[in-house]
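Please keep the sequence and the coordinates at hand while reading.

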Amino acid sequence: VLTGYLMVDIPRPKAIAAAQNNVYLYADGSQLARVGEVNREIIPLERVPVPVRQAVLAAEDRDFYDSPEVDLTAMARATWNMLRGGGTQSGSTITQQYVKNYYLDQEQTITRKVKELFIAVKLGQEVSKDEILAGYLNTSYFGRDAYGVQAAAQAYYGKNAEELTTAEGAYLAALLNAPSAYDVAAGNGNRAAAVARWEYVLDGMVSEGWLG
C-alpha cells in the first residue's frame with residue numbers, strides 16, 4: 001500500500017474537466033449568450049446556498065466533512081461486486097468522485113479505482129474539504145448538457161445557483177446519481193423514480209439535522 005501511495009502522484013486535471021464557457025451579459029446583467037466547448041461556469045462555493053450544498057451531501061456523502069477521503073469498506077464491496085460480474089457500484093466518497101471527474105476517466109476498472117484511492121488520499125492532505133466540495137460541484141454532470149451546479153441551475157430552472165431553493169437544490173442533487181434516470185423531462189417513466197430520489201435527499205437532510 002505504501003509503495004502504491006508513493007508511486008501515484010496527483011496528475012494534471014483533464015482539459016475537458018477544467019473547461020468552461022464564456023457568458024456574455026446585457027447591461028442589466030441578463031444573459032445574452034454562452035460560447036464554449038463545455039456548458040460549464042465555474043463558481044466559488046460561496047455562490048452555492050448552504051441548503052443546496054447540504055442536499056448534495058445528503059445525496060452523495062453525508063459524512064463528507066467528518067470522514068476520511070476514502071471509504072474502504074464501500075470500495076471493497078464495490079470491487080467484490082465487479083469481480084463477481086455484478087453491476088458496477090461507485091463505492092465512492094465525494095472526494096473520490098471529484099478525483100474521477102477532474103483527473104481520471106470514467107472507466108470501471110480495478111486499476112482506475114486504485115489510482116482514485118491514492119489520489120483522493122493525497123488530495124485530502126493538500127486541500128480543504130470546502131475546496132474539494134467546490135470542485136465536485138463544478139465538475140459533476142447533471143444532465144441536459146450541464147456540467148457543474150451553475151450550468152445545471154440555468155438548464156433546469158433558468159436561474160443562477162445562488163437563487164436555488166432548497167427543493168430545487170434537492171432535485172439537482174438527486175440527478176447526480178443518474179441524470180438520465182431522474183430527469184422528469186426525459187420521459188414519463190422517470191417521474192416516480194425522480195420523486196423517490198428527491199424524497200430520499202430531503203429525508204437525508206432531515207436525518208442530518210439540516211432541514212426541519
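## Basis of the description

Contact here means heavy atoms within 4.5 Å. The model is predicted.

## Packing of α9 and α11

Two packed helices are described by the angle between their axes and the distance between the axes. For helix α9, residues 166–175, and helix α11, residues 190–207, the angle is about 115° and the axes lie 9 Å apart, while the crossing of α9 and α11 is right-handed.

On the α9 side the contact is made by T166, A167, A170, Y171, A173 and A174, which meet A194, R197, W198, V201, L202 and M205 of α11.

## The enclosed helix α5

Helix α5 spans residues 94–102, and because nine of its nine residues are buried, α5 is largely enclosed by the rest of the structure. The buried residues of α5 are I94, T95, Q96, Q97, Y98, V99, K100, N101 and Y102.

I10 is found in the loop that runs between α1 (2–7) and α2 (15–18).

In sequence I10 and V99 are 89 residues apart, yet in space they are 9.2 Å apart, C-alpha to C-alpha. Leaving aside residues up to four places away in sequence, I10 touches Y103, I119, K122, L123 and E126.

Conventions: Residues numbered from 1 in each chain as written. Predicted model: local features only at pLDDT ≥ 70, side-chain atom pairs only at ≥ 80, totals over all residues. Heavy atoms only, no water. Axes fitted to C-alpha atoms, helices over the stretch in contact; angles between N-to-C directions. Helix = DSSP H or I, 4+ residues; strand = E, 2+ residues; numbered from the N terminus. Left-handed = near helix turned anticlockwise from the far one by under 90°. Buried < 20%, exposed > 50% of the residue type's maximum accessible area, 1.4 Å probe, protein only.
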